[in-house]
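Have the structure open as you read.

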Amino acid sequence: MSDVADSVKQEVTEIVARARAAQEAIADYTQEQTDDLCAAVAWAVARTDRAEALAKLAVDEGGFGNYADKVTKIKKRVLGALADMRDVRTVGVVEEDPARGLVKIAKPVGVVAALIPTTGPDATPPLKALFALKGRNAIVVAPHPRTAETTAAVVEYMREACVRVGAPADLVQVLSRPSIAKTQELMRQADLVVATGGAAMVKAAYSSGTPAYGVGVGNSVHVVDETADLDDAATAIADAKTFDYATSCLADNAIVVEASVYEDLLERLVARGAHRCDAKEKAALQRCMWPDGRHVPSADVIAKPATTIAQLAGFTIAPDRTFLVVEEDGVGPDHPFSGEKLSVVLAAYRYTGGIERAVELVNAITSYQGLGHTCGIHTRRDDHVDALAFGTRTARVMVNQNLNEGAGSPRNGLPFTLSLSCGTWGGNITTENVNARHFVNLTWVSRPIEPHPVSEEELFARYWARYGR
């Protein structure tokens, strides 16, 4: 065992040493050189022939999702991230505030360790690499063993792109023959860890002793109130739920629908490919998805077609059905459909009693799984948006949108990412979409300014008036 541990440590040490040498080689890059490097890496992955090759490899190797949607995901996420950070300054002076005498200077963080989930071996590595390179850092990717070949392929494309613009290939590396021991050692030696994946992976990242950005459990909830455009809501829900067979943590896991429009919305979902499960089918589906009472769904159903899931559960649905709807009224371990499903299975809740009841349901569902992640609402009432935004513990509230747009979209101002943090609610350090701005250190230069003292009278006037001295 000692020999194995020593071998792992030596291998990782050599990789990190190469990464540090590569990072030092670009430490003095200008913003223009940095942006050219990012453009090269993005094009190497997002060009159609490469995106198609990676999508096919990811589906064939991992068995999750579908080819066409993965091509779309790779291209949209990579190009969207590049466009999003195009005008972001990460070199030299990035902000000046003369009134406060402040100047901020961006500097690299060093070597980034990137943990990759098995459901995202194709699009996740280039996004993390782009963020790291934008800050003039090196990155070492730790793939999931099940999809290591796909991740190695995308890393090789990025290495070739680095060389094409005169940068060291070792700015982007991947652990070969990945293992838990290697990943743990990489996290220990790196300067920053970015972990996307399951709760255990994120916990390991935070326990590594190295600064880390992690993500929380996804269990997104979509509210549809009585004022909603039901056609738009149904389209958004169906599109998010079926895209890449729901590999995204943003895809609707539950809908919470006002009672007066509940049946109308479900009819529209059926028109868009839903199969509405009866009580017998729901029970069979539950036994199939959570055998032995486990609280995480079986890998057999994750990111699989609806027809396959139904067959595994022992019933048949029409071949044109693309997702399954189960009606639910409970939350928690005894109601597993209320949790994250990572599949084309959608739980539907009916509510009465106003938007306050919808907020209560969102909080109950996300408190079971998904605290801090994302919710959405289709509505024409701003006060209903406010009720959800102020009343829930979620990092993102998507209004009249496809919930997958929570990872960034041309239709909103959220940063493009595939790392969606959930704040302290979800055990993370931030509620932001992790992006290029998180991959630099900032030096604050402070110069003296005209003193601006505040008197005791100004500070305590209201307090004294109300409570006395």
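How far apart do the C-alpha centres of domain 1 and domain 2 lie? They lie 32 Å apart. The contact, meaning heavy atoms within 4.5 Å, takes 10 residues from domain 1 and 11 residues from domain 2. Domain 1 covers 1–215 + 433–445 and domain 2 covers 221–406, with bounds that come from an automatic or database domain assignment.

A word on the model before going further: it is predicted, local features need pLDDT of at least 70, side-chain atom pairs count only at pLDDT 80 or more, and totals for chains, interfaces and linings use all residues. Residues are numbered from 1 along each chain as its sequence is written, and side-chain values use heavy atoms, with hydrogens and water left out.

**Between the domains**

About 950 Å² is buried between domain 1 and domain 2, and carbon and sulfur atoms give 49% of that area. Buried area here is the accessible area (1.4 Å probe) that two parts lose on being put together, summed over both. On the domain 1 side, Phe64, Asp69 and Asn433 supply 38% of the area buried against domain 2, more than any other three residues. The rule finds 1 salt bridge across this interface, where a salt bridge is a side-chain nitrogen of Lys or Arg within 4 Å of a carboxyl oxygen of Asp or Glu. In the model, the side chains of Asp244 and Lys70 meet in a salt bridge at 3.0 Å, N to O.

**A buried asparagine**

Now look at Asn137, in the loop between α5 (124–134) and β4 (138–142); helices (H or I, at least four residues) and strands (E, at least two) are DSSP runs, numbered from the N terminus. Asn137 is buried, with a relative accessible area of 0%; buried means under 20%, exposed over 50%, and partly exposed in between (1.4 Å probe, protein chains only).

| Backbone oxygen | Distance to a polar atom of the Asn137 side chain |
|---|---|
| Ala132 | 2.9 Å |
| Phe439 | 2.8 Å |

Leaving aside neighbours within four places in sequence, Asn137 is in contact with residues including Gln23, Ile26, Pro108 and Leu171.

**Helix α15**

Finally, turn to α15 (residues 456–467), whose 12 residues reach 15 Å from first C-alpha to last, close to the 16 Å expected at 1.5 Å a residue. The expected span is 1.5 Å times one less than the number of residues. This helix is hardly covered, with 1 buried residue among its 12. Just after α15, Gly468 takes a positive phi of about 80 degrees.

Definitions and conventions. A polar contact is a pair of N or O atoms within 3.5 Å; within protein, one must be able to donate a hydrogen and the other to accept it, and residues adjacent in sequence count only if both atoms are side-chain atoms.
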